[in-house]
Amino acid sequence: MSERTATRRRGAALEDALLTAAWDELTSAGFGRFTMEAVAERARTSTPVLYRRWPDRWDLAVAAVRHYGERNPVAIPDTGSLRGDLIAYLREASVKRAEVAAMFSMRMAEFFDETRSTPAQLREQIIGGRTTVEVVYERAVARGEIDPVILTPRVKTLAFDLLRNELMLTLRPVADEVVLEIVDDIVLPLVRRRS
């Protein structure tokens, strides 16, 4: 058996290597210099291997960002209280999503120009409609901690929207005092309000 055959990647292992190479290329070169050729070279494969899976560099870029998120999930905490769950969730999300926020703000401008899309549209493509933080709120409703009437889609995403704003502005994990301010001063008073 030749050395080339012995190290040949297939299936999930190959796709993982391709998407990891694509993520690395995006974060190092940015979308403006992101090419199928550069990803193929980084992954030590050929461009036809990429084109069989993704028709163009836009689709590959979206798949790479989605793959990064799937490989670095934010755990859904269960501390027994809404406050504890939100703080734990935001702390972990702050660390695990800082790189994504930096990449979006510094490396994806050309993507949005070329595709005439927005970060919100890309986010929708990557995560779909449901966010993991919804589970935190569902548990809090079941425990009787919050008023379910208040939980509009905007309110459910507020904590993470505020965190994401901080990540985009600072390009680094959010300070713990900011996480506590988001939870204690903004989100909890809002969701605990009764009509």
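A nonpolar core here is a set of buried Ala, Val, Leu, Ile, Met, Phe, Trp, Tyr and Cys residues joined through side-chain atoms within 4.5 Å. Buried means under 20% relative accessible area, exposed means over 50% and partly exposed is in between, with a 1.4 Å probe and protein chains only.

**Ground rules**

I am working on a predicted model, where local features need pLDDT of at least 70, side-chain atom pairs count only at pLDDT 80 or more, and totals for chains, interfaces and linings use all residues. I number residues from 1 along each chain as its sequence is written, and side-chain values use heavy atoms, with hydrogens and water left out.

**Entry 1: the overall picture**

I looked up the secondary structure and found eleven helices and zero strands. For the record, helices (H or I, at least four residues) and strands (E, at least two) are DSSP runs, numbered from the N terminus. The C-alpha trace spans about 70 × 40 × 25 Å along its principal axes. Of the 195 residues, 42% are buried. I also checked contacts, meaning heavy atoms within 4.5 Å. Among those between residues at least 6 apart in sequence, 69% join residues at least 24 apart.

**Entry 2: the cores**

Which residues touch the most other members of the largest nonpolar core? I get Leu26, Phe34, Leu50, Leu60, Phe104, Met108 and Leu122, out of 31 residues in that core. The elements giving two or more residues to this core are α2 (11-29), α3 (36-43), α4 (47-51), α5 (57-71), α6, α7 (109-115) and α8 (119-127). There is also a second, separate core of 30 residues, and Leu86, Ala140, Ile146 and Val179 are included in it.

I then clicked on Met108. Ignoring neighbours within four places in sequence, Met108 contacts Leu26, Phe31, Met103 and Leu122.

**Entry 3: α6 against α10**

I wanted to know how α6 sits on helix α10 (residues 153-170), and their axes come within 8 Å and cross at roughly 50 degrees. My axes are lines fitted to C-alpha atoms, for helices over the stretch in contact, and angles run from 0 to 180 degrees between N-to-C directions. Under 35 degrees counts as roughly parallel, over 145 as roughly antiparallel, 65 to 115 as roughly perpendicular and the rest as oblique. So α6 and α10 are oblique to each other.

The crossing of α6 with α10 is right-handed. That label applies if the near helix is turned clockwise from the far one by less than a right angle, and left-handed if anticlockwise. On the α6 side the contact uses Tyr89, Leu90, Ala93, Ser94, Arg97, Ala98, Ala101, Phe104 and Ser105, and on the α10 side Ala159, Phe160, Leu163, Leu167 and Met168. I sorted the residues of this contact into eleven nonpolar, two polar and one charged. In that sorting Ala, Val, Leu, Ile, Met, Phe, Trp, Tyr, Cys and Pro are nonpolar, Asp, Glu, Lys and Arg are charged, and the others, Gly among them, are polar.

Val95 is also in α6, which covers residues 82-107. Is Val95 buried or exposed? Val95 counts as exposed, because its relative accessibility is 56%.

**Entry 4: α6 against α9**

Next I looked at helix α9 (residues 133-142), which packs with α6 at an angle of about 170 degrees, the axes being 10 Å apart. That makes the two helices, α6 and α9, roughly antiparallel. Leu82, Asp85, Leu86 and Tyr89 of α6 meet Val133, Val136, Tyr137 and Ala140 of α9. I count seven nonpolar, no polar and one charged among the residues of this contact.

**Entry 5: α2 against α3**

The axes of α2 and α3 are 8 Å apart, at an angle of about 120 degrees, so this pair is oblique. Their crossing is right-handed. Ala17, Leu18, Ala21, Ala22, Asp24, Glu25 and Ser28 of α2 make the contact with Ala38, Val39, Arg42 and Ala43 of α3. These residues split into seven nonpolar, one polar and three charged.

**Entry 6: two arginines in loops**

Arg44 is in the loop between α3 and α4, and its phi is near 60 degrees, a positive value in a residue other than glycine. Arg44 is exposed, at a relative accessible area of 76%. Arg116, in the loop between α7 and α8, has a positive phi near 55 degrees. Arg116 is exposed, with a relative accessible area of 76%.
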